Amino acid sequence: MSVETPVVAVDGPSGVGKGTLALSLSAHLRWHLLDSGALYRLVALSAMRQRTALDDETTLAGIARTLPVAFSVQPGQGVRIDLAGDDVTRAIREEHVGDAASRVAALPAVRANLLERQRDFRTAPGLVADGRDMGTVVFPHAPLKLFLTASAEVRARRRAAQLSVPENSATFEKIYSDIISRDQRDASRTTAPLKPADDAVILDTSELGIDQVLRQAITLIVDRGLQ
Ligand code: C5P
């Protein structure tokens, strides 16, 4: 009997700390990391650079299929992302790219064309996969599925702190309303909507620091015999 390479799926809404948890977990376990949101962001950035409309499903699906991307781990600094040889690590994190990503992510042909590319990340000794549908669609048989939650307000405060935006400002209100509208779009789309898998473990991170979340995740991994 072949033993499948283990996957830990880490899903949840924007700003919940999935990226930080997934990066820390992959470093701790020395497993590979899939940042699936980056793929949607890359499709969106490519589309905007070549002036493709964000609802042109056929062209966007072609972009998703042929995306010339390279991920390279920079020890201690995270992952560098190149698109056709151009370092776009920072460019894809901009708010407007995230917003465009959630639009292209609603298109079934785009999602379908990114599916195999995501599954290819599953190589020994293991994979930590960060996204919205890792446990429901991409790796439905993952032996551990985590679904992170936190209130929209907590997530907006974390995002504002990262950007040094004061909480009683118009910019804060905009961050908060953007989080709400992105959640709504991600949760209400018909293809792969954001929702926990039936067998996911829900971790509410509203009151927890990253170290506490990481410890809980490691306990679950050890309990399930994955490491
Ligand atoms: O996680 P991140 O904010 O980088 O993702 C950007 C957007 O890509 C999300 O708002 C979501 O719409 C989309 N996405 C998705 N499925 C994933 C990962 C991201 O639909 N697995």
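Which helices each supply at least two residues of the shell around the ligand? I looked, and they are α2 (36-49), α4 (95-104) and α8 (170-188). Helices here are DSSP runs of H or I, at least four residues, numbered from the N terminus.

Ground rules I jotted down: this is a predicted model, so local features need pLDDT of at least 70 and side-chain atom pairs count only at pLDDT 80 or more, while totals for chains, interfaces and linings use all residues. Residues are numbered from 1 along each chain as its sequence is written, and side-chain values use heavy atoms, with hydrogens and water left out.

Ligand shell. I found 17 residues around the ligand (a heavy atom within 4 Å). R41, R111, R132, D133 and D186 are the closest. By class, I get nine charged, four polar and four nonpolar; Asp, Glu, Lys and Arg count as charged, Ala, Val, Leu, Ile, Met, Phe, Trp, Tyr, Cys and Pro as nonpolar, and the others, Gly among them, as polar. α2 gives the most, with four residues.

The protein buries 94% of the 450 Å² that the ligand exposes when taken alone (Shrake-Rupley, 1.4 Å probe).

α2 against α4. Their axes, lines fitted to C-alpha atoms over the stretch in contact, come within 8 Å and cross at roughly 100 degrees. That makes α2 roughly perpendicular to α4 (65 to 115 degrees). Contact (heavy atoms within 4.5 Å) involves residues including Y40 and R41 of α2 and H96 of α4.

How values were computed:
Axes fitted to C-alpha atoms, helices over the stretch in contact; angles between N-to-C directions. Parallel < 35°, antiparallel > 145°, perpendicular 65-115°, else oblique.
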